[in-house]
Amino acid sequence: MIENKNQTVVNCNLCGICNLNCPIYSVLQKESAGPRFKAFLAKKKEHKDVFWLCTNCGACLQDCPARIDLCCLEIRRQMVAAGKELPANKSMRANFQKFNNPLGELKKGKKFTKYYT
Amino acid sequence: MNKRIASIVGAENVSDSAIDIEAYSYCCSERELKPSLVIWPRNAEQAQRMLLFANQGRTPVVLRGKGTTTSEGCIADNALVLSSERMNKITFVDLNNKLVEVEAGMSIHDLNNSLRSVNVMFPVVPLNPGQTIGGMVALNALSKQSQLIGRVNEWVEKVEFVDGTGKSFFTKKKEDVVGREGLSGFITKAQLRVVDIPSISLEFFHFNELTDLLNQVRLLRKDKEVYFLEFFDRKTSNEMGFELKYSLMAAYTSFRGKIKNAQEIKEWLDKADSAVVFIRSSGYYYMEDPFVSFEKAYDLIEWCEKHDVRLQGHIGLGAFYAYFQKKDRDLLDTFSSFLRRTGGKLGDVFGTGIKNKLWVSQEKKKEFIKLKEEYDYNNILNPDKIINYR
C-alpha cells in the first residue's frame, strides 16, 4: 500500500495557500493540477496520476501554514514499485538506461552502439 | 450538453473527467459535494453565454473562485461549477486616480504582488491570501486593516457581473452584488480603489491580565492613528517568542510606535503572520470565525482558554479566528451555543454558504429573497446557499 511517510498531511485543512506558489497550478489553472488536490488525495490515501504533475520544487511547502510536505517523490517511488506508472515515465526510465538521458537523444558524433557497451 | 458547453467556452475549458469532478468537490471545509461538470470561462462573454444556457435548462450552477471558503459556499451536488480561475488578468490601471480593474479570478496575493512595482496596493488583505478578488467582493471581505479602512465594499467602485438569467451588468449599484455570496450573480470583473503602500509603525503590548489588555484596546480603538490591532492568546504569544502573556500588536499610521524601521516592521509583521503557522502546525485543525461585540471579547477569550481553543484576531473589530484540535470536533457545537448566548455569530469573515445558514437573520433572508427575485428568479445560482429559495 502506498503511504505518505510524512504524516503531517493529516493536518492539512485545504486552505489552498500552497496553490498560490505552485508552478504547475499557475500554468494549468485548475484545481486538479495543484498541491491542494494532492494533499486532499493523500489524506484519503488515494494516490492517482496527479502525483506525477509535480516539479518537486517545494514551493507549496514554503507558505504552507501547517508545514506539510507532500513527499511527491516518495509517493511516486512507491507508485512505480506498485506498477502504477505513467507511459511517459516508463519511456523516460528506459531512455535513461539506454541513452543516459531522459529524452532518448543520441549525442552528435557518438555511435549508437556505444550506448550498449 | 457537454458539446454545447464546449462550443461556448471551448473544449479545453470544460471537463467532466472524474479527477476534475473530485478536485472541485471540496473547499476549505470538511464536506464533499460532487458537481457534474467543471467550466472555466475565459471572459465575461463566455460566462454570460454559459449562464444563459444554464438558465434555459434550469441547471443549477455553483460559483467558485479558488475554493478557499470554509463555509461550503462553493461546492454543490450535481451542479455545474463555474470557476473564475482562468479569468485572472489586470485589465486596466489608472495610477492618477488610483484605480485598477481586475478580473474576478485573480488572487489578492497576485494582485498586490503585481501592483508592488508601481508602489500601490489594494489595502484589504484577508487572512487567506489565496482568496480571489471575486470571492472577496462576494463575501465583502474583512481584514485586520478594516478597523481603519473598512471592508471591501468601501474600496469597490464598480462591479461587472452576470446574473442568473444571463444578463450582464457593469454597475455602481454594488450593494446588489457585494457581500451577496454569488446569489445574485457571477462576478467577472471589479474596479477597485488602491492606495500608496502605507508607512506604518508598530508597537507590541503584553499583559498578564485580560482586563488590562481590554482596557488598552478600549483606548486604542478610539484612536484615529491606529491602523490595526491584532490579538494573540498566551500560548501563541509564547510560541512567537514572547513571554506567556496576552499580546497585542498595534500598528499606527504615524511614527509613534516603537518599531519604526521598515526592515524591522517587515520582520515583526512576518512574525505576526507566522502565528497561524505555529497554531496550525501544532495540530489545531478546525478554524472558525467568531464575531462578538467588544464587550463580549472577555468572555470569548476566557472560554477559548478554558477549552484549549487557540485564538487570534482583529480584536478592535471583534473578529477572531478560533482554532480547534481534531479531537475537539464535538466542541464546535458547544462553541456555537456559547456564541449564541453572547450574541455573537459565525460566518462574518468566511461567509455564510451552507454551513452558517443558521446564523442568517430573518431580515437578511428577506433581502436575499428580494435579490433572487430580481436577478435569479429560477434560482440556478448557488442554490441551497444562505436561503432556501423556491
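The exercises below work through a sheet, a helix and a chain interface in a predicted model.

In this predicted model, local features need pLDDT of at least 70 and side-chain atom pairs count only at pLDDT 80 or more, whereas totals for chains, interfaces and linings use all residues. Residues are numbered from 1 along each chain as its sequence is written, chains are lettered from A in the order in which they are written, and side-chain values use heavy atoms, with hydrogens and water left out.

**Exercise 1. Work out the strand order of the open sheet in chain B, and state which strands stand at its edges.**

Step 1. Strands (E, at least two residues) and helices (H or I, at least four) are DSSP runs numbered from the N terminus, and two strands pair if DSSP finds at least two bridges between them.

Step 2. On this basis the open sheet has five strands in the order E5-E6-E10-E8-E9 (chain B), with antiparallel pairing.

Step 3. Strand E5 (90–94) and strand E9 (168–171) of chain B each have a single partner strand, so one side of each is left without a neighbour in the sheet.

Step 4. Within the sheet, strand E6 (residues 99–103) and strand E10 (residues 185–193) of chain B pair over five bridges in the antiparallel sense, and B:Glu101 stands opposite B:Gln191 in E10(B).

**Exercise 2. Decide how far helix H3 (residues 35–43) of chain A is covered, and name what covers it.**

Step 1. Count a residue as buried under 20% relative accessible area, as exposed over 50%, and as partly exposed in between (1.4 Å probe, protein chains only).

Step 2. Eight of the nine residues of H3(A) are buried, among them A:Phe37, A:Phe40 and A:Leu41.

Step 3. The cover includes helices H1 (17–21), H4 (59–62) and H5 (72–81) of chain A, together with helix H2 (18–23) and strand E3 (61–64) of chain B.

Step 4. After H3(A) comes A:Lys45, whose phi is positive, near 55°.

**Exercise 3. Describe the interface between chain B and chain A by its contacts, buried area and salt bridges.**

Step 1. Taking contact as heavy atoms within 4.5 Å, 32 residues of chain B are in contact with 27 residues of chain A.

Step 2. The buried area, which is the accessible area (1.4 Å probe) that two parts lose on being put together, summed over both, is about 2,500 Å², and carbon and sulfur atoms give 51% of it.

Step 3. B:Glu22, B:Tyr26 and B:Arg280 lose the most area in chain B to chain A, together 24% of what that side buries.

Step 4. With a salt bridge defined as a side-chain nitrogen of Lys or Arg within 4 Å of a carboxyl oxygen of Asp or Glu, the count between the chains is five. B:Glu32 forms a salt bridge with A:Lys44, the closest N and O atoms being 3.4 Å apart.
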